[in-house]
Amino acid sequence: MTRLFGSVVLLLAFAGSLLAQGSPAWTEPFPPFRVIGNVYYVGSRGLASYLITTSGGDILISSSLESSVPLVRESVEKLGFHFNDVKVLLISHAHWDHCAGSALVKQLTGANYMVMDADVPEIEAGGQGNFRYGDTPGTFYKPTKVDRVLHDGDEVKLGDTTLVAHLTPGHTKGCTTWTMKAAEAGKTYDVVIVGSPNVNPGYKLVNNPLYPQIASDYERMFRVLKSLPCDVFLGAHGDYYGLEAKFARMQAGGSNPFIDPAGYKNYVAEKEKAFRADLEKQKAAAE
């Protein structure tokens with residue numbers, strides 16, 4: 001029995017380690033580029049990070065994995081900017097693949113770390129307490145002090161740029177979708193950076209004692225996403241919005257493929273349909 005218990009513990013630890021590593025695309029470099037206006041892509045092929053340049057310094061959205069930070073820094077500098085000009089650090093949500101590098105980014109840049117209120121306890125506990133991964137050590141990260149606690153609708157202002165934090169809960173309790181305005185060729189565009197509408201494997205949408213309101217939070221999230229005006233569709237992972245295909249089209253010239261309001265609407269509709277299918281399936285299983 002003792003040997004069996006030990007084997008189970010080792011298996012769980014191995015599974016946690018694999019989960020933390022994620023997709024190989026998470027650590028694969030991707031060419032940094034200007035998306036539109038003062039919005040730049042500085043992430044990997046699988047994990048999106050964005051640099052927002054302003055007259056008062058720069059904003060980084062998503063520190064990604066701790067091992068991602070050198071890649072993000074190199075991407076920033078390839079674009080001709082300085083990593084230590086990052087004054088504000090934001091995230092989409094408190095999962096390790098989007099925030100595990102935050103402690104290192106703060107150490108390197110001195111940036112002010114700003115996080116939505118419902119995700120702050122997990123950030124400052126290094127991922128412990130998460131309703132899905134709180135018992136999976138492989139998903140933990142270095143606890144990081146939050147400098148400003150954000151609330152739904154708060155503005156983050158730096159220089160000549162303002163971002164708005166929209167609480168879009170469900171994927172995490174404080175999952176955040178960011179919006180801003182970007183100017184290009186005399187026009188102003190609404191940029192939406194989606195936090196995450198995904199229902200991950202193992203998420204309990206019904207009778208979840210660690211997150212009783214999870215289903216209603218997802219419903220709230222979809223209401224918010226559908227209400228946001230969107231011209232430029234971005235997100236926490238490049239595959240939300242077809243990063244690779246759009247980048248290839250941008251390199252070929254022509255109109256900016258990241259201006260994609262129809263793609264945004266279709267994506268949100270598809271994800272809501274998938275959520276409702278999962279919810280009905282879990283409700284039926286619980287009866």
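1. In this predicted model, helix α2 covers residues 69-78, and its buried residues are V69, L71, V72, S75 and V76. Viewed down the axis of α2, these buried residues fall within an arc of 160°, so they line one face of the helix.

2. The other side of α2 has P70 and K78, which are exposed.

3. Just after α2 comes G80, which takes a positive phi of about 95°.

4. Two packed helices are described by the angle between their axes and the distance between the axes. Helix α6 spans residues 214-227 and helix α8 spans residues 261-286; their axes come within 10 Å and cross at roughly 165°. Angles over 145 degrees count as roughly antiparallel, so α6 is roughly antiparallel to α8. The crossing of α6 past α8 is left-handed.

5. Which residues meet where α6 and α8 are in contact? From α6 come A215, Y218, E219, F222, L225 and K226. From α8 come Y264, V268, K271, E272, F275, R276 and L279. By class, the residues of this contact are 8 nonpolar and 5 charged, with no polar ones.

Notes: Residues are numbered from 1 along each chain as its sequence is written. This is a predicted model: local features need pLDDT of at least 70, side-chain atom pairs count only at pLDDT 80 or more; totals for chains, interfaces and linings use all residues. Side-chain values use heavy atoms; hydrogens and water are left out. Buried means under 20% relative accessible area, exposed over 50%, partly exposed in between (1.4 Å probe, protein chains only). Helices (H or I, at least four residues) and strands (E, at least two) are DSSP runs, numbered from the N terminus. The arc is that of the directions from the helix axis to the C-beta atoms. Axes are lines fitted to C-alpha atoms, for helices over the stretch in contact, and angles run from 0 to 180 degrees between N-to-C directions. Angles under 35 degrees count as roughly parallel, over 145 as roughly antiparallel, 65 to 115 as roughly perpendicular and the rest as oblique. A crossing is left-handed if the near helix is turned anticlockwise from the far one by less than a right angle, and right-handed if clockwise. Contact means heavy atoms within 4.5 Å. Ala, Val, Leu, Ile, Met, Phe, Trp, Tyr, Cys and Pro count as nonpolar, Asp, Glu, Lys and Arg as charged, and the others, Gly among them, as polar.
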